[in-house]
Structures are given as C-alpha cells and as structure tokens.
Amino acid sequence: MLAHRGEPRCRDTVVLSRNVEQPGGAPRLSPPGTVPCRRWPPAVCSAGRRAYGDNVRVDIGTVEDLQARGCLTGKAGSQPVCVFWHEGRAYALDDRCPHMGFPLHRGSVENGLVTCHWHHARFDLSSGSTMNLFADDVRAYPVEFDNDRVVVVVDDPPLNGENPGRQAAAVEYHRRRLAEGLEQGLTLVTAKATLALLDAGVRVDEIVRTGVDFGTTYRDAGWGAGLTVLVAMANVAPYLDPEDRALAVVHGLAFVSRDTRGRPPSFPLRPLGSVGVAPERLVAWYRRFIENRNADGAERALLTAIDSGFSTAEVAAMMGAAATDHVFLDGGHTIDFTNKAFEAVAMLGDASAPGVLSSLVPGTARAGRSEEQGQWRHPHDLAALVDDAAARLPDLVAEGGLHAGTWDDVSGLAWSILGDDPVAIVDAVCTAIAAGAAPEQLGRAVAFAAGLRITRFHTQNDHGDWDAVHHGFTAGNALHQALVRAPSTELLRGVIHGALRVHLDRFLNVPAARLPKADGDVDLADLQACWDRQGQVDEAGAIAYGWLRAGGDPVALVAALGKALLAEDAGFHWYQTYEAAVRQFSAWPAGADEGALLLAGCARFLAAHTPTRRELAQVVRIATRLRRGDVLFEDA
C-alpha cells in the first residue's frame, strides 16, 4: 500500500476596500468595514508604519505630492501599494495587477478606472473590481489623511481563531470566486481561489464538493469526463508531492468548467410520492427503465430508493446491475463513471447521493451497448458467450462459496485472460469462480490483464490505439473498485465483459513490446527527458520498472508520474490511466512484480503523449507566484 506524502498548507484570506474624498481640501476619513486579509508579521511595524490594534497604517507621502504627481507608491510589509489621486479623491490599491502582477501605478487612470498596460485589464478605483473577468479583482484599501500625510490602512486581524467571523467571511469570498471561475471558465481565477482556500485550511474534499455541485447542476447530460477527472485527482492527491496537490485539484476543477461550458443545466426530479414500495420492485423498475432508455423513470425510481432508506451498498448493487445488464456499456465509460460517482459520495457524504447518483442516469440510459457492435459478434459471437456464462453464474458462485478463501492465482488468471481463444478465456474465469475466487480477486485479475495491454503496447501501432487499450484498463479498475464496494452476482457479469474486452485488444500486442527489465542503476530524474522529448516510451517504462525492482521508493515513483501528468495539458484518458495505475498498484502486495509492471505501463502511456504546451501548469504557477508576491514581469 502507498503512504501519503507531506502535510497540509498554511492559511490565508482576503480584503475589500474604501476610498477617501477631500471636498474643498478638507480631509475626511474612510468609512469602516473592511474584511480581513493576511496577518502581517510584527516586523512590518517599523519605520513609516504604525500598528493600531489589528490595523497597520502605512505612510505613503504627502497630500501635496499625491495631488501633484497623481500617484504615490509604498509598501505594507512586502506588499506593494499605490495611491491614485483622481477627481478630488484618493484611492489605494494593491500595486500588482491580479492577472500577472504588473505594477498598476504604471497604468493609466481615466473615468474612475485604472488600466493595466500589460494586458489592458481595467479596474474600478473605488472597489478594485475588474471590468475584465480574466484578470480577477485587485485588493483595495482604506485611505486616511493624517494632517498633510497620506496613510493607507491595512486591516489585518490574525488568523489564529481570535476573529473567526472575519476568517469565515474571507473563506466565503474565495468560495464565491471559485464558483465564478468555474462559471466563466477562468482557470487563473479558479487556481487563485483554490490556493487561497487551501491556505485558509479548507479541506480538499470541501473544494471538490464545490466542483461536484457545479458539475452536476450545470450539465443536463449528466456525469461526464470533468467530474471523473475531479474525483480521480482528489483520490490521488494524498500520494502527490505537497506542492502538486493544489495543482491536481485545479486540473480537475478546470476540466469540470470546460465540461459544462455551453451546456444547459440539469433540473432535478423528485422521488415518487408513494410510500412503502417494496425494495425489489424499485430495483426492478430502475433496471427496466434503463433497459427501455427511459431516463426520467429510472431517475425517479433511483431517488425513491434513496429516499426510502436504501443503503449505499444497496444502491450500488442496483446501479451496478443496470450497468452490466448489457455488454461493456459505452466502451467502459458507464462502469467507470458509476464507480467515480460512488467514490464522490464516499468522499462528500451520503447527503450528496441524490444529486450525485441521479447524474449517472442520463448517460446510463443512452449508453451504447457493445453486443450491437460487429466486433462483439464476428468472427466470434462474444455476446453469446457472455449470455451463456451469465446464466451459469449463480451456480458457479454457489459452488465457489464452498471453497471460499482457498483460491489465490490472480496473476495466473490474468495471463489466461491474455490468451487468444475467447472460449478458453471465459472458461478460465468460470473455473476461478467455481474454485472460490473472491469478487475482488476476479476484478483485480481483469484490471491487471488490461493493464498489461498498455505495458506491452508496441509503438508501431497507430497512436490512437493507446485509447483502445486504455479503455479496457480504466474500466477494469472501475469494476475492481465496484466489486470491492458492493459485490453481487449481477456485477460479476462485468468480469466476463472486461475479460472479453481484453481479448478484443489482443492484436494491439502483436508484436508485444518486450516487458521492461531492471538493468543497472536507475535515477528517477532521468524520467524528465522522457517527458520532454517525444517517443521515449520504452525508456520511460524501463526507468519506472527498474526503479521499483531495484528497491526504489514506490511513493517517489507515483509522485514523479503524477508530477509529469500535472505538468502537461492532459487529456481525459491521461488522468484515468494514471489514477487507475495508482489504485491497481496499491491493490497488490508490497514489492509485487505485478504492481511494478502496471506503473511501468503508466509511464509508457504518459511518455507516448508528452510533451504538450503545458499551459495549465503555467497558470497555476502564476497564481502561486502572485500569492508569494513574486515579480512576474521582470527577468529572474
């Protein structure tokens, strides 16, 4: 099993603003009511700055100089501030454009607005609010006149529990900014809000909740790729280096935002009004309406089941049965989405189940059924093999119950699944069930066999065929997780589906790439060259495998692969493959060769798709550097 890495980050919050008017030359104090921001360290209360309670008063210069020059600059600790004189008033702003940090005092002021000259973002002088949403709002400060001096007031209570009301207000501000970033598709705003919430001590699952609520509300087509990526990244975040965890969450949130853009919202249905419907009838209704592609009927049956007190395991069994009533629905996406939705419920709590699980219904009802495709009918009638094996499952399970705990050949079954004869493959699975193989073991065998298709994928294949082998692997991982969560005889049909999907991909291992070897000294740092240059597929697999077989720390390898994923403008399948590899590696005993081969396959998959333009990671780096106060517009 993998251990988690590192510890959570520290805290932070944010501020609103006021301005000062000087009618007829008479100074007037700004009204009270600012919102808390970072606590300044005691050292900031030095020359030119005086502290009164929680306030830091920063002397910027004389009123005469401000009126003559139109703008004065100074610092509150390490924070640059600027004060503009415009239309008889003084306005104080953070001197860094929130978009890329360019000094606002170099901009131009006109008609109550300051324009940053780098990307032409405009800001209201009074509030700091932006007129160009890509830029985010800039912090504004109260300004006071102390005799002939211009003083900027920084109202910063400590974030040590002494002022929980202001802390909560700041967190709520960033939650709102996160929602606005998702709505507008503004990744920089999303990244900045995420970083601020994490710094404020908000848990990752609470940030994920915002993304899940948004994704299930604003996508009438139901659960999709965006929510799958978000939950996958939340799953793997504990295994990443601490500095990559926020990046992983932003990747997921950005995908949710893209996945909902331009789509109509979802309008929830209500449970049925009837009371006391028998549980078995609700299950039958749900499966029947999915069978007939009646999404509304299925959703109401599902909601009624939840409302009537079905446990999570009972709902999972019902939905898992419907997801395997037909062969390999939607190319494996249906079982994968179903698994991810239940993982979201486990993360967010049972109260989230109605909204999360109902989002699965539209996709399940409209999913393509593989038995309708030619490759599942010719040259072998694989769908008929599925039906025959499914009819035998109750007896096989009953027989296996007599031998429970005695079967332990997961790897051997996986290699049998990689064979060429579909009849022999189905027989091997059925024999394992009758011999006492547990549902978890069966799911792990299918996932391992599918993972080996990636590890043994030859680079002379068409590049698009990486997606074919990926689908078998990620569906196998989802099935494995589902069988652990709520095993059932109906769900075991998915083992037959998955095994035959692996069979269909057999020609993508002809010729099979050689399994990696553990030769010589291995340095994980050498992986970077594999991500930076195209075609380093076998080299990446050899480094990953060699590292593990030489006794290298698997946590370090998982983190390195995650760093590589998050550095790129990854596609949907990348996230799925990485998360599935991490989950399947963790399912095998420590030091198992099977786990090493799976992570080697993941490294090969990533190397086959890198490098990209790496835009998203750059956005998060910008957001991080802005929070640190770095000067982005100058050479390092």
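Which residue lies over the face of Phe-255, at 4.7 Å from the ring centre? That would be Arg-258.

## Ground rules

This is a predicted model, so local features need pLDDT of at least 70 and side-chain atom pairs count only at pLDDT 80 or more, while totals for chains, interfaces and linings use all residues. Residues are numbered from 1 along each chain as its sequence is written, and side-chain values use heavy atoms, with hydrogens and water left out.

## Rings and charges

Across the whole structure, a search turns up 9 aromatic pairs; rings of Phe, Tyr and Trp (its six-membered ring) pair if their centres lie within 6.5 Å.

## The cores

The largest nonpolar core has 159 residues. Such a core is a set of buried Ala, Val, Leu, Ile, Met, Phe, Trp, Tyr and Cys residues joined through side-chain atoms within 4.5 Å, and buried means under 20% relative accessible area with a 1.4 Å probe, protein chains only. Met-233, Tyr-286, Leu-357, Trp-531 and Tyr-578 touch the most other members. Helix 23 (residues 593–609) gives the most to this core, with 11 residues. A second, separate core of 18 residues includes Leu-66, Val-83, Phe-145 and Val-154.

Helix 23 is mostly covered, with 16 of its 17 residues buried. Helices here are DSSP runs (H or I, at least four residues), and strands are runs of E, at least two, both numbered from the N terminus. At 1.5 Å a residue, helix 23 should span 24 Å, the count being one less than its number of residues; its end C-alpha atoms are 25 Å apart, which agrees.

## Around Ile-290

Ile-290 is found in helix 7 (residues 279–291) and is buried, at 4% relative accessible area. Leaving aside residues up to four places away in sequence, Ile-290 touches Ala-298, Ala-322, Val-361, Thr-364, Ala-365 and Arg-369, where contact means heavy atoms within 4.5 Å. Val-361 is 71 residues away along the chain, yet the two C-alpha atoms are separated by 7.9 Å.

## A hairpin

Strand 4 (residues 71–76) and strand 5 (residues 79–86) pair in the antiparallel sense over 6 bridges; pairing takes at least two DSSP bridges. Leu-72 stands opposite Val-83 in strand 5. The hairpin has 2 residues between the strands, and Gly-77 takes a positive phi near 70 degrees.

How values were computed:
Buried means under 20% relative accessible area, exposed over 50%, partly exposed in between (1.4 Å probe, protein chains only). Rings of Phe, Tyr and Trp (its six-membered ring) pair if their centres lie within 6.5 Å; planes under 30 degrees apart count as stacked, over 60 as edge-to-face and the rest as tilted. A charge sits over a ring if NZ of Lys or CZ of Arg is within 6 Å of the ring centre and within 35 degrees of the ring normal.
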